[in-house]
Structures are given as C-alpha cells and as structure tokens.
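This report covers a sheet, the helices packed against it, and some loop residues. Please keep the structure in view while reading.

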Amino acid sequence: MIYPCLIYFSFTSCLIEFSCVILAIVTHTCFHPSAVGHCHPQVVAAGKNQMATLVTAQGFINDSLTKYVKELTSHLPDTLNVVYLVNSGSEANDLALRLARSHTSHKDVVVFDEAYHGNLGNLIDISPKMFKRMPQGKKDFVHVIPCPDTYRGPHRDDSPGAAAEKYVMEAERVVMQAIQNNRKISCLFTECVVVNCGVIVPPRNYFSLLYNLIREVGGVCVADEVQTALGRTGECFWAFEHYGVVPDIVTTGKPLGNGYPMAAVITTREISESLGEYYSTFGGNPVACAVGMAVLDVIENEKLVQSAKAVGKTLLENLQLLKTKHECVGDVRGMGLCLALDIVQDKASRKPARELAQTIVHRVKEDHHTLLQVQGPGHNIITITPPMCFTQLNARSLTTALDEALTACCLRNQHSDLMSHPLGLERNQAVLSLEELERFDEEEVTGPEPKRPRTSYDDVD
C-alpha cells in the first residue's frame with residue numbers, strides 16, 4: 001500500500017455464500033474521518049500497544065491523559081486551557097451547549113440556517129438541517145441567522161467586506177428581536193468553515209463582527225471544529241484561526257482519533273468552573289489518549305498541515321479549471337483539503353442540480369473507485385475532504401476523474417472532438433502515469449514525497 005488515503009475493502013462476508021474467492025477493491029476516499037489516513041501504522045501500533053497494557057483507568061489520572069492534554073492545548077490560544085475528553089463529536093457539542101448554558105444561566109442559542117451539530121436530542125433542537133424535517137419544528141429558544149453564503153446568498157454581489165457587514169446586520173436583527181421578546185442568548189454555535197452547509201467560507205471579517213455582537217448581549221461563542229480541526233483547512237491548526245478570533249468554547253471530534261471514538265471540548269477556566277463536576281467513564285481512556293497522541297505526532301512529523309495547504313492549493317486551482325470548462329460547475333470554494341464543487345443547472349440561474357450531482361458522484365465511484373459526498377441544502381454540493389495524507393498525485397487523479405464524469409454527465413450532447421481537457425490529460429485515464437506527472441514539475445507548490453511502501457504494521461520504527 002503506497003498511499004494511506006487508499007482503502008482496501010474486503011467483501012468476504014457478503015460474498016462467502018456465493019464464492020470462496022475474496023474480492024478486494026482499492027478505493028480512494030475523498031471524505032473521511034481518518035485525518036492521517038486509513039489505518040496509519042503508527043496510530044494502529046500506538047493503540048495496539050496501549051490496549052495490551054491498560055485499557056481503562058476509570059477514576060485515575062494516567063500519564064497518557066496528561067501528556068495528550070498538554071500536547072493538544074499547545075496548539076490553542078492560552079486562554080483555552082481546560083479540556084474535556086469525550087467519545088464523539090455529538091457528545092462534545094452536547095457538553096459545549098451545557099457549558100454555555102451553565103456559564104450564562106441562559107438557554108437560547110443562535111445558529112446558522114441549515115446547520116447540523118449532532119444527533120443527540122439537544123443538538124437536533126439546534127440543527128435547522130434536522131428540525132426543519134421533523135414534526136416539532138423549531139423551538140422558541142433557537143434563533144436562526146442566515147449562513148454567510150457569498151455565492152448563493154442574498155449578498156452575493158457585494159464585496160467580501162460589505163457582505164460580511166450585511167450578514168452581521170441580519171444576524172443583529174434576529175438577536176435583537178429575540179431580546180425584545182424577553183429571550184436571553186446563551187451562545188452562538190457555529191462552524192467557521194461551514195462544511196455541513198456545503199463548505200461555505202465566510203468573508204474574513206465576518207466572525208470578528210459576529211462574535212462582538214454575541215458577546216455584547218451576554219452570550220459566549222462556540223466554534224464547532226468537529227470536521228475542520230487539526231490543520232485540514234491548511235496553514236492553521238484550527239479553522240477559527242483564519243478569522244483572527246478566539247472562541248470561548250471549541251469542540252472537535254472526527255480527526256482526533258483517526259477513526260477511533262474520540263472527541264474533545266476545550267474552554268476557559270472561568271467557563272469550566274461554572275459547570276461543576278463532570279465525569280465520563282470512557283472519555284480520555286488510555287487507549288484513546290495513546291491514539292490521539294500518535295495522530296498529533298504523525299501530523300507534525302509528516303508535515304500534514306503544510307501538505308494540506310500545498311495539495312489543497314493544487315486541487316483548488318485544478319477545480320477552478322473544471323469550473324471554467326463545465327457549465328454545470330457553478331462555484332468552487334474551500335480551504336486546504338476542505339473543498340466543494342457547487343453543481344448547478346446553469347451558471348446564470350445558479351439553481352441547484354441535485355440529480356446531476358448524485359449522478360456525477362456515482363459515476364466517479366463506479367469508473368474510478370473514488371468516493372465523494374453530496375451535501376448542502378439543495379443536495380447539489382460535492383464536498384472533498386480526504387485524509388490529510390492526500391498527495392499531489394491523488395489530487396491530479398481526482399481532477400481527471402471529475403473531468404471525465406463532468407464531461408459524460410454535463411456535455412454528453414456535444415461532440416467529443418470539440419472537447420479538450422484543461423490540464424492536457426486524456427479523459428479515459430483514471431490515474432496519471434509518471435511520464436504525465438513530469439509535466440507538472442515546474443509547479444511552484446509541491447506536496448510531501450510519497451511514503452515508502454509498507455507491507456505490514458510491523459514496519460514501524
């Protein structure tokens with residue numbers, strides 16, 4: 001296995017009734033909770049060794065917990081120095097909501113329209129994506145503000161700075177209306193790069209203005225980093241850092257354990273003291289901490305934050321070329337290895353093309369064994385959030401696969417001899433050859449060198 005963002009699926013269980021043959025399929029995954037790659041040997045070894053030593057230390061502080069918390073907080077602002085370790089992103093967000101309400105003694109929450117923050121009851125209540133489709137609808141303590149979408153939103157034609165101010169003014173109207181109705185705001189609960197709404201990247205001055213608004217009315221600001229933490233957005237370790245703000249509470253989940261159940265809530269000493277005693281049987285267990293420490297080590301040693309920036313830059317540029325070529329690609333956006341293609345009926349109307357997006361994703365899976373995901377309110381936004389070990393070669397192969405699928409799905413009525421790939425690649429080729437890869441040697445930004453092949457988990461220093 002050369003690239004750890006490849007997954008080897010064994011279908012023995014579903015085929016054994018029909019055949020004695022084991023079928024293996026190699027699949028690229030471009031959405032994945034494994035931050036450093038599927039079954040990274042160093043992470044697996046750390047978990048295996050700790051599991052053979054001590055699995056749980058219920059009621060006791062252990063060395064692995066102390067070391068992990070110290071390492072995690074070293075990547076955060078000094079004021080965020082209290083860590084609660086839990087088992088999932090939903091559990092982390094639920095605890096963050098509890099912290100905010102305990103600290104402010106208020107209940108009301110401000111969220112983005114179409115946001116999603118988890119599958120527990122309290123989180124369904126503050127997730128418009130979910131409660132809009134449920135009988136109970138929106139609760140009185142939830143206040144929904146527009147997602148700062150500069151492509152399809154109402155302020156699409158404004159400059160980024162002006163759009164930010166207008167979106168915050170709309171948020172202010174919602175908040176002030178709540179206060180006039182004798183409601184008290186406990187917190188703002190948002191992602192900074194809004195993945196669940198289709199990788200919406202707000203203008204750079206948006207959160208500084210919005211955080212000021214919430215704090216002026218007595219609320220605290222919660223940053224949901226369940227999908228964007230640990231450098232996925234490139235350059236910065238946390239998405240909120242791109243906006244020059246410091247949240248009062250930060251949550252994260254998926255990337256911490258590279259697929260192992262692990263999540264965290266990080267907050268200030270003042271807010272944590274308002275909660276009182278908190279206890280979790282499995283949160284912060286020795287195995288989770290060993291796995292979490294290995295993930296942080298891999299990110300640092302393999303320079304995956306820098307790689308996410310470099311590879312993401314290449315991929316974003318290539319996706320922009322696809323946007324120029326294909327009428328159905330309305331927008332390309334994102335940061336680092338958190339990107340999206342907005343599939344539309346046509347560029348003028350910007351109307352979501354839901355069925356077309358699903359068809360493209362299906363064709364990429366069938367023809368190129370590559371998994372993509374569709375998100376957004378219109379179910380038309382193809383999101384690309386691969387493991388951070390995604391390489392330049394992987395990025396170019398994905399671009400080729402997307403170009404083939406887009407050509408087949410969007411331009412099938414045009415003559416093939418009028419079509420040309422913007423990158424000079426043959427459309428029938430799923431993976432670039434080394435000879436074709438040499439054409440790109442002149443690029444200014446390059447990713448890390450490919451890892452040497454590993455044949456077993458024992459091949460770890």
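## The sheet

Two strands pair if DSSP finds at least two bridges between them. Helices (H or I, at least four residues) and strands (E, at least two) are DSSP runs, numbered from the N terminus. An open sheet of 7 strands runs in the order β3-β9-β8-β7-β6-β4-β5. Its pairing is mixed. β3 (82–86) and β5 (142–145) are the edge strands, each pairing on one side only. On average, neighbouring strands are turned by 20° against each other, direction ignored.

This is a predicted model: local features need pLDDT of at least 70, side-chain atom pairs count only at pLDDT 80 or more, and totals for chains, interfaces and linings use all residues. Residues are numbered from 1 along each chain as its sequence is written, and side-chain values use heavy atoms, with hydrogens and water left out.

Strands β4 (residues 108–112) and β6 (residues 185–190) run parallel, joined by 3 bridges. Asp108 stands opposite Ile185 in β6.

## Helices on the sheet

Axes are lines fitted to C-alpha atoms, for helices over the stretch in contact, and angles run from 0 to 180 degrees between N-to-C directions. Helix α7 (residues 160–180) lies across β4, β5 and β6. Its direction is at about 160° to β5.

## Helix α3 against α10

Two packed helices are described by the angle between their axes and the distance between the axes. For α3 (residues 63–73) and α10 (residues 286–301), the angle is about 35° and the axes are 9 Å apart. Contact means heavy atoms within 4.5 Å. From α3, Ser64, Leu65, Lys67, Tyr68, Glu71 and Leu72 meet Pro286, Cys289, Gly292, Met293, Leu296 and Glu300 of α10.

## Loop residues

Most residues other than glycine have a negative phi. Cys39 has a positive phi, near 50°. Cys39 is in the loop between β2 (24–29) and α2 (41–51). His369 also has a positive phi, of about 50°. His369 is in the loop between α12 (354–368) and β12.

How accessible are these residues? Buried means under 20% relative accessible area, exposed over 50%, partly exposed in between (1.4 Å probe, protein chains only). Cys39 is partly exposed, because its relative accessible area is 31%. His369 counts as partly exposed at 39%. Leu372, in the loop between β12 (370–371) and β13 (373–375), is buried because its relative accessibility is 7%. Leu372 and Ile360 are 12 residues apart in sequence and 9.3 Å apart in space, C-alpha to C-alpha.
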